[in-house]
Amino acid sequence: MAEAVRIELPARVCGLALDIDGTLTEKKRLGEFNISLEAVEAVRRAEAAGIPVMLVTGNSVYVVAGVARYIGASGPHVAENGCIVYDNGTIYRVCRDTARRAARLIEEELAGVLKPSWQNPCRLHDYAFIPKLLEPGEALEAVKRVLSSRGINVKVGFSGYAIHLRPVDASKGRGLKLALKLRGLEPDCVVAVGDSVIDLEMKDAGVILAAVGNADEKLKKNADIVLPGESGRSVKALIDAILSNRG
């Protein structure tokens, strides 16, 4: 794993898979959602050069579809942490189960401690909660205790922006595999970029995994590439390097 982007790039990059929060944003911070204009400009340059950009995120499919349209990412796109793939108006449901029951329980038991995401009414599988009165780590443990006491088995993780409850078959890697198949891309020439431990799942799709410079330490340790800069500037640095290598 190297700090220099160029050393780690494959001979040919045929696609990009980008997380949104903490990756395409200006910063990685709870409550900070401003999209990096530098990253958007870079995404458009990649698309113009024939490199399709896919979004792979925990956001709802409607948010993903909207962001993709306005930044110029052609997709397909992965929503709800791998449970849904969106391709030109068609929605594919990858997960068989849902974490809806778990989400309802958390809303009841931890009301006032966690704030349900405004996107939850639009979600089908993955449900998100924002810590209010507790630090993220404490809130995460509180959620796990409540679910364990009721015998509910779902994936629970913190993305840096929200605590996500997902069915056990949820994986960004599974969703990305379908997106690659729909686009006709081989995974070994696709670079995926993320900022949190949840983004490690994208590596299961067989892609090259890059971590933004301010990513979670576990992600950086397991990524194939660690990018310079932070969040959106890291994405810009990667795309600059890819296009520069093309000559």
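**Helix α3**

I started with what the buried side of α3 touches: its buried residues pack against α2 (37-48), β2 (53-55), β3 (77-79), β4 (84-87) and β5 (90-93). A reminder to myself that this is a predicted model.

Which residues of α3 are buried? I listed V61, V64, A65, A68 and I71, in a helix that spans residues 61-71. Looking down the axis of α3, I found these buried residues within an arc of 150°, so they line one face of the helix. I then turned to the face pointing away from that buried side and noted Y62, R69 and Y70 there as exposed.

**Strand β10**

Next I checked β10, residues 190-194. Five of its five residues are buried, so I put the strand down as largely enclosed by the rest of the structure. Which way do the residues point? V190, A192 and G194 point one way, V191 and V193 the other, and all are buried.

Strand β1 (residues 15-18) runs parallel to β10, and four bridges join them. In that pairing I noted L18 opposite V193 of β10. Strand β11 (residues 208-211) also pairs with β10 in the parallel sense, over four bridges. Here V191 has I208 of β11 as its bridge partner.

**Cysteines**

How many disulfides are there? I count two.

One joins C14 to C189, with an S to S distance of 2.0 Å. This pair links distant parts of the chain: C14 sits in the loop between α1 (5-8) and β1, C189 in the loop between α6 and β10, and they are 175 residues apart. The C14 and C189 link has 80° about the S-S bond, which I logged as right-handed. Both C14 and C189 are buried.

The other joins C83 to C95, S to S 2.1 Å. C83 is in the loop between β3 and β4 and C95 in the loop between β5 and α4 (100-109), so the pair ties together parts twelve residues apart in sequence. With -75° about the S-S bond, the link of C83 and C95 is left-handed. I checked burial here as well: C83 counts as buried at 0% relative accessibility, and C95 is buried with a relative accessible area of 5%.

Counting bonded cysteines along the chain, I get the pattern 1-4, 2-3.

At 34% relative accessibility, I have C122 down as partly exposed.

**K172**

Last, the annotated residue. UniProt, in an unreviewed entry, places the feature "binding site" at K172. I found K172 in helix α6, which covers residues 172-183. Is K172 buried or exposed? At 2% relative accessibility, K172 counts as buried.

Terms used
Residues numbered from 1 in each chain as written. Predicted model: local features only at pLDDT ≥ 70, side-chain atom pairs only at ≥ 80, totals over all residues. Heavy atoms only, no water. UniProt positions renumbered as here; feature names shortened; annotations may be inferred. Helix = DSSP H or I, 4+ residues; strand = E, 2+ residues; numbered from the N terminus. Buried < 20%, exposed > 50% of the residue type's maximum accessible area, 1.4 Å probe, protein only. Pairing = 2+ DSSP bridges. Arc of directions from axis to C-beta. Contact = heavy atoms within 4.5 Å. Disulfide = S-S within 2.5 Å.
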